[in-house]
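I opened this notebook to record what I looked up in the structure. The entries follow in the order in which I made them.

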Amino acid sequence: MKAVVFCEGTTDLLMIQFVLQYKYGWKYDGFVENTVSNRLMKRILVKDGAKIEIRSCGGITNIPDEMRRFQEQMEYSTKKEELFDKVIILIDHDTVDSNKIFVDKLNEKLQTNFNERDINVDIKWKTDNLVFKEIELDFYISCLPEEETGAIESVMLEALVTDDIEENLVNNSEKFILYIRENQDRYLQRKSLIAKAVFNTYFAIRTPEEKCGERSRVLRAYDWKNNEVLNKSFGFLDIYDNDNK
Amino acid sequence: MLSELNIEKYRGIDSLKLEDLGRVNVIAGENNTGKTSILEVIESLERPNDLRAWRLIGRREGNSMRISTTSYDTMKSLFPINNENKKTSIVYSGEYNNKLFTVELTGEFSDTILNDEQLEKIRGYRHDYGTTEYEHNEYEVSLLDIYYKINGENFGSDKIYNVQRGFATSTDIIASIVENVVYVSPTQHANNSFYLNALMTDPKLYEQFVEIMKEFDPDFVSINSVEDEMTRSRKYVVLSKKFNEGLLLNAYGDGMKKAMLLLSALLKAKDGILLLDEFETAIHVSVMGKVFKWIIENAAKLNVQIFMTSHSLEAINSVLKCCPDMQKDIRMITLVNTEDGVKARNVDALKAIQLMDEYGLELR
C-alpha cells in the first residue's frame, strides 16, 4: 500500500509524523528538503512493506497546486509501484466558509466535483492515466477541528492536557492570547491563528530554552497509543491494512 | 520524417500506436515490450516486399554460430505469435513525409509432399536435372507462401519451404517507403563494421569527428584507409601521436569503435532514418554527452530521423539533456505491458526530464 498526506505546513507535517510513528507504529524512512529554501518538503514513513509520504505544501493556498502536480504525476506513471492507493489532505478549519472555498479551488485545479459533504468522509477519486486509462484512489479530506473553527494545534493541545497543571497552562495561554486579540485588530484575526498562538505560547512556557528538540522529546514521551483525543481526531491516519500491504 | 507508426500485427505486438514522432526518438521499456520489433518494422520500410531484407531483419536473433535458423523459421517468427490459423498477417501503417502508407504481408502455412528431385532442387543442390536417376521417395514438408501488399496494391509473393537452405525471391519491383534506413546493432562495432567512407568525404564533419575521437584518445590524429600491398585489400589505420606507426582499427577499444560507428552511421543515413539498438553499449558515461550531442545536432543538419532503444538510465538522461535547444524535437517513448497489450507513453524531452527529476518517475 502506498499513501500520501498533503498538509499545510511543517508543523502539521511533524505532528502527523508523530501520530503515525508513536500511535500507529510507522517507521521514519527519510525526508526531502527544498535545496534553495531548506523548507521541509516531505517525510517518508514505512510499515511492513507499506509506505506513506507526508508532503508539506507551504500554506493552504498551495495545496490545490500541489494536488494538481500529484494528479499529473499519477497521469504519467507507467509502473504499478509508482501509483498511490490513498490520498489524504489535512487542513485547518480556518473560518466557517473556508471548507467551501478550499473545495472550490481544489475542483478548479483537478477538474473534479467534490463538495463540502465530502470532507471528513472516505470517498473515491478517479483520475486519468496515459497507459492504464483510469485509476481510482481512496481519498480523504480531513478538516480539523471537525465541528468548530480552529487549527490542528487545537487538537494537539487538547491531547496534551493530562493533568490540572497542564490544563491550567493551556487555559492561561489561551486567556493571554485572547486578551491580545481583543485589544488590537492587526494580529490574530482568524481562529486558526489564535490556536497556533496558544500552541506556541504553551510550548514557549514548557520549553523556554530549546524549541524543537525539547518539543520533540515531550511529544515522544506521551502515551499516544491510548490517547482518546487523538483516537477521535486522527483516526483517518489509521490506514495500514494487514491484508493489503 | 516518420510522423506516425501503427503496428497492428507483428511478432508479439498487437495494436501499438506511436504518434507525434520527432527528429530523435528514444524508446525504452522492460524486456519483451517490443522495442527491437519497432526498429525492425521501421527498417523494413526501405524494402517491405523484399524477402532478403526480411531475412536479414529477422535473422538478427539467430546470429550465434551454434544456432542456425532456416529462412522458414525466421519468417515464421515474424508473424504474430500464438496464431493457430493457417493464414496470418503482418500489418502496419503510418505516415512518412506527409504520405500515408500501409504494408501487409499475408502468410499462408501449409504442408505438402515433395519427391527427391523437388527436394534437392529446393535445397539448392546442383544436379543434371533430367539425367540423374532418383529414388521414388516422398517427403512431407512445410511451406509458407508470403503475399506482399503495399498501399493496397499487390507487390509480389514468395515461397519458402522449411527444408530449404537458401532462398530465391520472385520480387522484381521493390516498393520502397523510406529510401534510406541504416540499422546499427548493439555489437556491430565489435565486428569492425563501420561506414567510414561517408565520414572521410565531408571535411567539416570529419573535423568534428576528430574532436570527438580525441575524447577517447587525446593523441588521435586521423583515420585513414590504406591498401595492403600484398593482398590489395583495404583496411583502416588510426594515426595517434602515442604510437610510432598507425594501428589497425580493430586494435582500439570498444568505446572508441562504437563512437566511430555511430558517427559514421549518421552520415550514411543522410536524408533517411537511423536505427540505434541499445545505443549506449560500450560508450562510457563520461563521453556520452559529447557523443550524443554531436549525433543529435548533426541529425537535423543531415535530415536524419533517429530511433534509439536503451535500457540505460544514464544514457537516456544524457540524450534528453545534452541539447537544450532541441528538447522539443526529442521524444521519450516508454513501452508498457498492460492487460490490454503493449501501450506507449510518448512525451517530449522537457516533459520527460520533469517526470524523472521532479516526480521521480521511471522513464524505462
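I took a salt bridge to be a side-chain nitrogen of Lys or Arg within 4 Å of a carboxyl oxygen of Asp or Glu. The model is predicted, so I noted that local features need pLDDT of at least 70 and side-chain atom pairs count only at pLDDT 80 or more, whereas totals for chains, interfaces and linings use all residues. Residues are numbered from 1 along each chain as its sequence is written, chains are lettered from A in the order in which they are written, and side-chain values use heavy atoms, with hydrogens and water left out.

Entry 1: domains of chain B.
I found chain B divided into domain 1 (22-44 + 180-216 + 254-364), domain 2 (47-161) and domain 3 (217-252); such bounds come from an automatic or database domain assignment. Between domain 1 of chain B and domain 3 of chain B I counted zero salt bridges. I recorded two residue pairs in polar contact across this interface, both at pLDDT 80 or more. A polar contact is a pair of N or O atoms within 3.5 Å; within protein, one must be able to donate a hydrogen and the other to accept it, and residues adjacent in sequence count only if both atoms are side-chain atoms.

Entry 2: area between these domains.
Domain 1 of chain B and domain 3 of chain B bury about 1200 Å² between them, 68% of it on carbon and sulfur atoms. Buried area is the accessible area (1.4 Å probe) that two parts lose on being put together, summed over both. I noted that B:Met200, B:Lys214 and B:Met256 supply 35% of the area that domain 1 of chain B buries against domain 3 of chain B, more than any other three residues.

Entry 3: chain B against chain A.
I found 17 residues of chain B in contact (heavy atoms within 4.5 Å) with twelve residues of chain A. The area buried between the two chains is about 1300 Å², and carbon and sulfur atoms give 56% of it. On the chain B side, B:Arg345, B:Tyr359 and B:Leu361 lose the most area to chain A, together 40% of what that side buries. I counted four salt bridges between chain B and chain A. A:Arg69 forms a salt bridge with B:Glu358, with the closest N and O atoms 2.8 Å apart. The rule also gave me seven residue pairs in polar contact across the interface of chain B and chain A, both residues at pLDDT 80 or more.
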